[in-house]
Amino acid sequence: MERYKVLGLMSGTSLDGLDLAYAEFIAESGAWKMQHIIAETFSYTEYFRHWLSQTIHCNGAELIQRHMEYGNYLGKSALKFIQKHQLKPELIASHGHTIFHQPEHGFTFQLGHGSGIRAITGIETVWDFRTLDVLLGGQGAPLVPIGDRLLFGSYHACLNLGGISNISFEYNDQRIAFDISPFNLVFNRLSQKLGLEFDPGGNHASKGILNVNLLQALNQLEFYSKTPPRSLGKEWIEHSIFPLFDRYPDTAENHLHTFSVHAAIQISEIL
């Protein structure tokens with residue numbers, strides 16, 4: 001039997017905060033299982049949320065500096081979490097925060113240098129999960145499908161509703177995974193027009209009515225005609241999604257409602 005106690009760090013495109021999860025992975029007779037022990041989200045301040053969102057505009061030197069600064073932040077946050085809950089991880093795994101994701105051009109970049117985590121916590125750290133996959137011709141998400149297969153293989157599919165919705169499932173005896181559509185990254189931006197960080201329970205979306213012209217424009221975006229493998233980055237969303245809300249002006253509730261229908265259509269078609 002093998003046992004691994006691991007602390008995972010994740011910052012999603014929706015910019016809610018830093019998620020920290022401590023779990024134990026157990027391998028016995030060739031089968032893997034996970035025991036979730038404790039998790040917590042360290043919410044970002046408005047300043048820090050802005051700092052992360054504007055990093056895409058930095059020059060080279062500024063980007064490297066922020067890469068180090070955010071790595072230190074991750075290390076300090078991990079140490080705080082470990083001490084608070086009296087944990088003893090053997091390994092820290094850090095995704096970082098995606099700033100650029102353009103696999104079609106051969107690159108992806110996640111902010112947060114792993115050496116900062118290692119230096120502050122003293123714990124072995126793995127990071128930069130996506131670059132090698134992109135350089136080998138992939139879309140930069142090699143790990144989640146493997147985890148889904150090994151840990152949740154009894155399910156027909158694993159659907160993640162994060163800043164972007166994505167899915168993994170078995171197809172022709174292979175585990176395939178890809179992005180479906182933008183998700184919370186858009187919902188949160190629309191909710192901010194109502195003075196909210198997000199739309200709790202979809203309450204405001206449920207009050208809206210469908211903007212048919214906007215829905216048609218969203219569903220006709222070229223990305224949805226692409227066959228997998230495919231993935232989305234924030235750059236594409238800024239360029240292709242948000243301008244449509246300006247082209248078809250409406251109330252925030254109606255925009256939320258319409259985008260909910262759009263996301264549901266795209267997910268249902270894949271399922």
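**The cavity and its surroundings**

The largest cavity has a volume of about 30 Å³, where a cavity is a set of points, on a 1 Å grid over the protein atoms alone, at which a 1.4 Å probe fits but cannot get out, and a volume is the space filled by probe spheres set on the points, which are joined across faces, edges and corners. The structure holds 1 cavity of 30 Å³ or more. This is a predicted model, in which local features need pLDDT of at least 70 and side-chain atom pairs count only at pLDDT 80 or more, while totals for chains, interfaces and linings use all residues. Residues are numbered from 1 along each chain as its sequence is written, and side-chain values use heavy atoms, with hydrogens and water left out.

The lining of the largest cavity is made by Ser94, His95, Gly96, Gln110, Gly112, Trp127 and Asp128, lining residues being those with an atom within 4 Å of a point. By class, these residues divide into 1 nonpolar, 5 polar and 1 charged; here Ala, Val, Leu, Ile, Met, Phe, Trp, Tyr, Cys and Pro count as nonpolar, Asp, Glu, Lys and Arg as charged, and the others, Gly among them, as polar. Strand S4, residues 91–102, gives the most to this lining, with 3 residues; helices (H or I, at least four residues) and strands (E, at least two) are DSSP runs, numbered from the N terminus.

Asp128, one of the lining residues, has its place in the loop between strand S6 (125–127) and helix H4 (131–135). The phi angle of Asp128 is near 55°, a positive value in a residue other than glycine.

Of the 18 residues that line the second largest pocket, Glu104, Phe223, Lys226, Ser231 and Trp236 lie nearest its centre. Pro229 is found in the loop between helix H8 (212–219) and helix H9 (234–240), and a cis peptide bond, with omega at about 5°, joins Pro228 and Pro229.

Turning to the helices, helix H2 (residues 60–85) and helix H3 (residues 114–121) pack at an angle of about 40°, with their axes 7 Å apart; axes are lines fitted to C-alpha atoms, for helices over the stretch in contact, and angles run from 0 to 180 degrees between N-to-C directions. The crossing of H2 and H3 is right-handed, a term used if the near helix is turned clockwise from the far one by less than a right angle. On the H2 side, Gly71, Asn72, Leu74, Gly75, Lys76, Ala78 and Leu79 meet Gly116, Ile117, Ile120 and Thr121 in H3, contact meaning heavy atoms within 4.5 Å. This contact has 5 nonpolar, 5 polar and 1 charged residues.

Terms used:
1 Å grid on protein atoms, 1.4 Å probe; cavity = no way out; pocket = protein on both sides within 12 Å on 5 of 7 lines; lining within 4 Å.
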